[in-house]
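The sequence and model follow.

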Amino acid sequence: MIKRLKQKNNRPEILAPAGNEAGIIAAINAGADAVYFGGKFFNARQRADNLDEKAIRHCVRLCHQHDIKAYLTLNILVKDSEWDELLDYLCFLETSGLDGLIVQDPGLIWVLRRYYPQIKLQTSTQASVGGLFGVLFFETMGFTRVVLPREMPIAEVYDIKKHSRIELKVFAHGALCFARSGQCLMSSLIGGRSGNRGLCAQPCRQYYHLMDTQGKPVREGYLLSMKDLNTQTHLEEIADAGVSAFKIEGRLKNQAYIYATTKAYAQIPEDAKQAPINLDAIFSRDFTAGWLFDLHHHINAHVQKKRGELIGEVEKVGRREMVVTLKKGVTLAAGDGLAFGKAADRGMRVENVQNIRGQGNRVRVFGHSAARAHEPVYRNKNSRMLAAIASAAERPVDFNPLALSIDLDLKKDRPIHYKARADERQIEGRIAIVPSRAQKHPLDQKMIQGQLQKLGGTDYLLADLHIKMTDALFLSKKDLNRVRRGVIEQLDAPGKRKIDLSVLWSTPRKIRDGHPPISLEVRGLDQIEALRECQPDEWVLPLDGVKSIPRLHGLVQQLKKENAAVRIAFPHIMNTQSCRSLAAHLDEIEAMAADGYLARNYETLYLLRQIKRPIEADASLHVFNTVTTKALGEWGCASAAISHELEAPAIQSLLKRSALPLVLSVYGFQAVMFSDNCVVDCDKKQCSRCPHHGLYFLKDRMGKVFPLVLDKAGKTVIYNADKLFLTPKMLEPLKGIDRYRIHVLNETAAEISQVMTIYRSGQMANLNQLDEGQHFTAGNFKRGVQ
């Protein structure tokens, strides 16, 4: 760490995670500059404890008293059935004192920008910003901060900062996802637990076998399991790039993890009285500096859980003891946890340790174990270190109650009128409690103050009380307690709703008669010739960079002569370089005279913002609710593809209220992961011209086989094991679909032709082309997601 980072006001914000109030206290004790956490609803870590509304208010005040900013995550996709509850929640959040919200859902973004412009917004990583154009999209929307993807190299961070004004946040430490954030449907389609709803089941941490198209084994292991990110040794370079915040991942982690990781990034080792914290000992699946500084070496196929620090090697094993040679400087203690082998899949709790006299670092370790001679030893629990960290993390932090001033106007036979002031908020109102004339014990200042100052369990301290009372009046202690509670409730009451539900729904569109036209999306341009006999109503052709433009131009002209509409699909993932490259050739793309474009990300929406040709938002832009269709319409889209995570009733509701014509995927393998990681992981690392590109298959422990495509640039797309097939009977209740979309991976023309016949006729024909060992699924169409 460099001298320039020693001053707190001269370094990027250290942004710590927290899953509850204890985590926030740990972050404060560790020296965080800001903390992010979730409420009980609508956040992407539903398995964390999270905070209710009272706790949110208190924790925001606690953070502010310690000069720490507080951000709340509101970063899941919203169901139409949840808008009523969410709008009430926004009324609370508006008055909570938060320093900003972290958001994903396009519909929610639209609501917040239109009705709550004073709330500062940051993108969640689930919003899938990929490069400069995505950053500029949100900058023009009025966001204050954008989180950059974990797949971005440091040179691109420098570039983006140079060409934007918005604050930039980068991931500095914590778990990495195999897939691009916000674009992973694997957990969703396997078991209905959606990462976009905060319930990812982490299928990327499972054991897989990789096979080629002939079924020949290529690799096996935890092939999608990422190492953990650790950028401690690169903070100078990240700070020089103009980054505003270092984000530490880990809202599901405990206090010790939050304290240790935050402290490690916040402290200055050369000035600290204590030695730098060894984060290997806190939580690690092995560390990587990530794509910021290394384009490779991010996967640890040997382990999918905490392995800890390497401390030595097993020399020999006895019945209830073993001899271990420890690394220099390592000491063991009873209560430590050990794991053995590269996979760390066997472990033990240390019961006792004896030094072997005169044998240097050789020790005798006692306890039950399944260790084997000559294998590495990892310590996944350092009991003495964790005890010290826990003590520091749990240290109570001061909270100064807020000074409360109350003015009461008491009159006989009239409701009590009050004014109250606290924390820069003033309220005034009446409480339906009516004083009566006193018979024996009239009210006085001491009696009233004695009851109103009982503010335990609140954030307030009665500092000033003014009473206006002309008559000898009586109120019971119970009445005075009600007055106290009423004032506090009003001080902490949410604001009033600024929007009615009816404003969110669009006027029902006219429903098309007959069966919807068929849109055929191909994976590659080489597939078109074989599929031309299928004669779809619309072709969706991939734009794979500027080199594909000349060929695309010719194909568009040919297909339009066959009376088919043609839509050009922009890439799923677009970094800064690809955005600029396509922007420089936008005139050539427009000269194709395609019937429209398919936008799969915010980068494309920004790139095409001046284009008049119809733009369709793909399902990757999360068309999950009605308000999102309204948002996308205002952002330049003329139609949208429905999210793959909606069930039939939700789709029908969406069709009734949508602001845009809607496209539904009905057949084909659904992409579940888009990744910059290579599962082949060869030694050549010629990823810009990958010699191993092509089709593979990934088999899980249940025997499910997932198609996997590795492209020429070393990027990976994984598809669901079972092929989507929504039958005409399933689709019959849905009214108002604009187009059915079929996705082609490696299907034959005969199969696609038969499928198109089924959808055009609405009748199930002879399935001779569809029953050759294929496994079909309705995806989330029947069950939806949690």
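## Cysteines

In this predicted model, the cysteine sulfur closest to that of Cys63 belongs to Cys59 and lies 6.5 Å away, which is too far for a bond. A disulfide requires two cysteine sulfur atoms within 2.5 Å. A search of the whole structure accordingly returns 0 disulfides.

Cys63 counts as buried because its relative accessibility is 0%. Cys678 has a relative accessible area of 18% and is likewise buried, since the cut-off for that class is under 20%.

## Nonpolar cores

The largest nonpolar core comprises 166 residues, and the members that touch the most others are Phe37, Leu74 and Leu541. Leaving aside neighbours within four places in sequence, Leu541 is in contact with Val522, Leu525, Ile528, Leu552, Leu555, Val556, Leu559, Val566, Arg567, Ile568 and Ala569. Another core, of 30 residues, lies apart from the largest one; among its members are Ala179, Leu185, Val680 and Leu710.

## A buried aspartate without a salt bridge

Asp105 occupies the loop between strand S4 (100–103) and helix H4 (106–115). Although this residue is buried, it has no salt bridge: the nearest side chain of opposite charge is that of Arg197, at 7.4 Å.

## Loop residues with positive phi

Asp286, a residue other than glycine, has a positive phi near 85°. Its loop runs between helix H9 (255–266) and strand S12 (287–288). With a relative accessible area of 24%, Asp286 is partly exposed.

Glu424 also has a positive phi, near 65°, without being glycine. This residue is found in the loop between strand S21 (416–422) and strand S22 (425–431). Is Glu424 buried or exposed? Its relative accessible area is 88%, so Glu424 is classed as exposed.

## An exposed lysine

Lys612 is located in the loop between helix H18 (602–607) and strand S30 (615–617). Its relative accessible area of 79% makes Lys612 exposed, because that class begins over 50%. From Lys612 to Glu249 the separation is 363 residues in sequence and 41 Å in space, taken C-alpha to C-alpha.

Key
Residues are numbered from 1 along each chain as its sequence is written. This is a predicted model: local features need pLDDT of at least 70, side-chain atom pairs count only at pLDDT 80 or more; totals for chains, interfaces and linings use all residues. Side-chain values use heavy atoms; hydrogens and water are left out. A nonpolar core is a set of buried Ala, Val, Leu, Ile, Met, Phe, Trp, Tyr and Cys residues joined through side-chain atoms within 4.5 Å. Buried means under 20% relative accessible area, exposed over 50%, partly exposed in between (1.4 Å probe, protein chains only). Contact means heavy atoms within 4.5 Å. Helices (H or I, at least four residues) and strands (E, at least two) are DSSP runs, numbered from the N terminus. Lys and Arg count as positive and Asp and Glu as negative; His and the chain ends are not counted. A salt bridge is a side-chain nitrogen of Lys or Arg within 4 Å of a carboxyl oxygen of Asp or Glu.
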